[in-house]
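Please read them with the structure open.

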Amino acid sequence: MAATKPISQDRAGKVARGHACSHCLEYSFKKVTVKRAPATHKKDLKTYWIVNRVCGVCGLDQELGIDADGEIVYGG
């Protein structure tokens with residue numbers, strides 16, 4: 001069920017930081033950038049925010065898609 005009001009950009013960043021790096025399983029990130037998802041992602045993937053983050057331990061660059069409720073839709 002979609003939220004009546006989508007989570008804020010700040011909250012999306014906190015959600016992204018709250019999930020470990022998929023490579024080294026650490027929670028330390030050098031950089032976390034949150035942007036609104038493009039219309040195609042909103043329609044096809046049901047994402048509201050796109051988060052790019054760089055792990056502070058292993059350096060893995062990841063992209064996460066977060067929906068309006070704050071759930072991670074995809075990560076890679």
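This is a predicted model: local features need pLDDT of at least 70, side-chain atom pairs count only at pLDDT 80 or more; totals for chains, interfaces and linings use all residues.

1. Overall dimensions. For 76 residues a compact globule would have a radius of gyration near 11 Å, and the 12 Å of the chain agrees with that. The C-alpha trace spans about 35 × 20 × 20 Å along its principal axes. Of the contacts with a separation of 6 or more, 44% are between residues 24 or more positions apart.

2. Surface and burial. Buried residues account for 32% of the 76 residues.

3. The sheet. Four strands form an open sheet in the order β1-β2-β3-β4, and the pairing is antiparallel. The edges are β1 (29-36) and β4 (72-75); each has a single partner strand, so one side of each lacks a neighbour in the sheet. On average, neighbouring strands are turned by 20 degrees against each other, direction ignored.

4. The β2-β3 pair. Strands β2 (residues 49-55) and β3 (residues 61-66) run antiparallel and are joined by six bridges. Within this pair, N52 of the chain stands opposite E63 in β3. Helix α1 (residues 9-17) packs on the sheet and touches β1, β2, β3 and β4. The direction of α1 makes about 140 degrees with that of β1.

5. The core. Which residues have the most contacts inside the largest nonpolar core? They are A12, V34, W49, V51 and I66, in a core of 15 residues. The elements giving two or more residues to this core are α1, β1, β2 and β3. Leaving aside residues up to four places away in sequence, A12 touches I7, V34, W49, V51 and I66. As background, nonpolar side chains tend to be buried together in soluble globular proteins.

6. Positive phi values. L25 has a phi near 65 degrees and lies in the loop between α1 and β1. K46 has a phi near 60 degrees and sits in the loop between α2 (39-44) and β2.

7. Buried or exposed: which applies to L25? L25 has 60% relative accessibility, so it counts as exposed, the cut-off being over 50%. K46, at 56% relative accessibility, also counts as exposed.

Methods. Residues are numbered from 1 along each chain as its sequence is written. Side-chain values use heavy atoms; hydrogens and water are left out. Two strands pair if DSSP finds at least two bridges between them. Axes are lines fitted to C-alpha atoms, for helices over the stretch in contact, and angles run from 0 to 180 degrees between N-to-C directions. Contact means heavy atoms within 4.5 Å. A nonpolar core is a set of buried Ala, Val, Leu, Ile, Met, Phe, Trp, Tyr and Cys residues joined through side-chain atoms within 4.5 Å. Buried means under 20% relative accessible area, exposed over 50%, partly exposed in between (1.4 Å probe, protein chains only). The radius of gyration is taken over C-alpha atoms; the globule rule is 2.2 Å times the number of residues to the power 0.38.
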